[in-house]
Amino acid sequence: MALLDVTGLTKSYGPLRALDGVDLTVRAGTFHGLIGPNGSGKSTLLKAIAGAHFPTGGTIRFDGADVTTAPPFQRARLGLSLKFQITAVLPELSVYDNVLLALQAHDRTIDLLRSRSRARLAPRIMDALDRFRLADRADDLAGELSHGEQQWLEIAMALAPEPKLLLLDEPTGGMSPEERRVTGELLAPIKASCALIIVEHDLDFIKNICDRLTVLDQGRVLGDGTTDEIENDPRVREIYTSRV
Ligand SMILES: Nc1ncnc2c1ncn2[C@@H]1O[C@H](COP(=O)(O)OP(=O)(O)OP(=O)(O)O)[C@@H](O)[C@H]1O
Ligand SMILES: [Mg+2]
């Protein structure tokens, strides 16, 4: 059974169809790339999957449950985690406290009432930071991190609650080529426990880390297949050589 099954998803903004009958299937243990020109609906699709907004039509099933209109916190508890296109770390807090907050926001209120202690969460926080090369920056303010490190911190925050599916919207935006390469290296090991949908404009980056790709164009699925199949699809080549 697929971990995520999106069927016939539509999202309208007034007369504009940002998503127009999108199907998307993601299996556990796979890295799935979402590509397409600006305005093709990539962020709109991720937001609908995470519950940041509701679709106009279609269904979203996650881990066997229909979550089409479930609120974001319920999806998060089922194991969905999203990092938006815009950076959301709190610069005035320490790197450590940013991950602590992410975990506390995810934990059930009842758990928080039982134990608010930082000590209980410390191993999980340090593990999340360690995975993204931030353990020795734990006490620094998040605002002191480089742009690339802030992106890594956000991914660490999204992964700390141990989701089954992580959604990343352009996580390497503004990164140097070297930071981008390292990001691929840091993401690879999470495949053992977590599937990934990643939006990226850099085709070389996405080809290196993804098993499958879905191409969106004007809110529709233009192609879906293995990275090799998509790379050799003439319609995709046309979009990428003439419009991106
Ligand atoms: N809140 C909104 N209200 C109205 N229109 C919107 C809204 N959000 C997105 N759109 C429109 O929906 C379409 C899809 O936008 P979306 O942000 O999903 O594209 P994208 O593929 O993520 O683009 P990019 O690569 O530039 O990030 C665009 O035409 C956009 O202008
Ligand atoms: Mg976008």
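The shell around ligand 1 divides into three nonpolar residues, seven polar and one charged. Keep in mind that this is a predicted model.

Which residues surround ligand 1? Tyr13, Leu16 and Ala18 are there. Then come Gly36, Asn38, Gly39, Ser40 and Gly41. Lys42, Ser43 and Thr44 complete the list. Two elements give two or more residues to this shell: strand 2, residues 16–26, and helix 1, residues 42–50. Helix 1 has the largest share, three residues.

Now strand 2 and its partner. Strand 1 covers residues 4–13, and pairs with strand 2 in the antiparallel sense. Eight bridges hold that pairing in the count. Look at Val6: opposite stands Leu24 in strand 2. The two strands form a hairpin with two residues between them. Gly14, in that hairpin, takes a positive phi near 60°.

Strand 1 has another neighbour to show you. Strand 4, residues 57–62, runs antiparallel to strand 1, and five bridges join the two. Here Thr7 stands opposite Thr59 in strand 4.

On to the helices. Take helix 3, residues 95–106, and helix 6, residues 147–159. Their axes come within 8 Å. They cross at roughly 30°. Is the crossing of helix 3 and helix 6 left-handed or right-handed? Right-handed.

What meets what at that crossing? From helix 3 we have Val95, Asn98, Val99 and Ala102. From helix 6 we have Leu153, Ala156 and Met157. That contact divides into six nonpolar residues, one polar and no charged.

Methods:
Residues numbered from 1 in each chain as written. Chains lettered and ligands numbered in written order. Predicted model: local features only at pLDDT ≥ 70, side-chain atom pairs only at ≥ 80, totals over all residues. Near = placed C-beta within 6 Å. Helix = DSSP H or I, 4+ residues; strand = E, 2+ residues; numbered from the N terminus. Nonpolar A, V, L, I, M, F, W, Y, C, P; charged D, E, K, R; others polar. Pairing = 2+ DSSP bridges. Axes fitted to C-alpha atoms, helices over the stretch in contact; angles between N-to-C directions. Left-handed = near helix turned anticlockwise from the far one by under 90°. Contact = placed C-beta atoms within 7 Å.
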